[in-house]
Amino acid sequence: MSPRQAAPRFRVAAIDLLERDVRLRMPFRFGVVTLTASPQAFARVRIRLEDGREAEGAAAELLAPKWFDKDPALSNEDNYDQLRISVARAREDYLAHEPRTAWAHASPGRGLVENYGPALLDRALLDALCRALGVSFYRAVQANLVGAGSFEGMDLGAFFATLKPRMVIGARHTVGLVDPITAADQASRVGDGLPETLEEVVARYGHRYFKLKVGGDLRADVARLAAIASVLDRIDGPYHASLDGNEQYEDMQGVAALWAAMKAGPRLALLVGSVLFIEQPVKRSRALERRVEGIDKPVIIDESDDALDAFPRAKALGYRGVSSKTCKGLYKSLLNRARCAAWNQKIGTDPIYFMSGEDLTIQAGLALQQDTALVSLLGLTHLERNGHHYVNGMAALPQAEQEAFLAAHPDLYERSHGAVRVRIAEGMLQVGSLDCPGYASRAMPDWNTMEEMTLHRESA
């Protein structure tokens, strides 16, 4: 297919919104919530091209509480319904569109909750377009079959043509705030044969990249980081880490104090040297009020990335990077990747602006594959992947669905401990099979095992 082919226009013919419950094998605490279960949203769409061809596509995303909106007055169910409403509104909007390109169908707004629905449907629509054309996600973007134009003086089509997906990506293991570091930290065990402590995770998967959660209490954070370092420092060879504050610090001064305390003693020397960047340590309401100061490591935004202008605003204050998450929008990630390239080219020295691959709630199947393929195309060398640790792989899914994904993507999955699950060897993910017709998946979920998405609270 010629890279100069015009981007196809299509109409959205149908959108089904479905859900499936996900239960964690062990609790995970990030920020203000300890998660033990959550619904997963699915979108199944049908598009009709102007030449009459039709195709179906799909996407999935966890309805994660206390991240998109961290208002403590809202319950987890309130958060779920916020996201359901976002998806339902996006459905109405997309069905009302006249024939457009994939890029023109996208409708990014301002706000993480508001963008959730469009972000989910954009992936499903692109999956359908790729299947209609018989091309991979990679090819669709590289050839600009999505229909992107110019943006902030950048020729997006020309930039997309330079992107080269990676076939192997490092898996960054997240250590949550209540995760056991060693067996001594456990009062009881899950006992399913899978790793539970950080020690066991390192031994089983061979990780070399880690994401360490900090909670906003300097003394407690330093003590916990020291316990983590006592395990990571035993790794044979270098390791790399990021610190994730999840908005737990009130201001940048508190973060600078944490960093100074980490550097003050020898017990954290190796860990300090391993830190690549610090992710969104300050509350989103204050994060973009003042410059980043007192920290000699790059600081990036995550929760503050709530609109297309967020990254440039953060850059002006000294932030060096931004996270890529499909729940914030795949087209936003592509735009931000183009920005990094343009900004780095202007400074003419070693690149200083970058993106990171994040999202620990990603579940095996469509969600994991589409997010991983996006990060692969962005050229990132490692990404946060933890759904396999907190959820027992595909154990809760129908056997036929498990086997379908394993057969379609044998490099990415394996069968062990009674279920199909993500395969990580020597800390790496093999993702070559994602280069396939459609958006990174040759298999589809069993739609008959899901429930229709409905609001659970009348007040939502």
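Author: A nonpolar core is a set of buried Ala, Val, Leu, Ile, Met, Phe, Trp, Tyr and Cys residues joined through side-chain atoms within 4.5 Å; buried means under 20% relative accessible area, exposed over 50%, partly exposed in between (1.4 Å probe, protein chains only). The model is predicted: local features need pLDDT of at least 70, side-chain atom pairs count only at pLDDT 80 or more, and totals for chains, interfaces and linings use all residues. Residues are numbered from 1 along each chain as its sequence is written, and side-chain values use heavy atoms, with hydrogens and water left out.

Reader: With which residues is Leu126 in contact, leaving aside neighbours within four places in sequence?

Author: Contact means heavy atoms within 4.5 Å. With those neighbours left aside, the partners of Leu126 are Phe137, Ala140, Val146, Leu330, Tyr331 and Tyr439.

Reader: Is Ala440 buried or exposed?

Author: Ala440 is in the loop between S16 and strand S17 (451–452). Its phi is positive, near 70°, in a residue other than glycine. Most residues other than glycine have a negative phi. With a relative accessible area of 0%, Ala440 is buried.

How values were computed
Helices (H or I, at least four residues) and strands (E, at least two) are DSSP runs, numbered from the N terminus.
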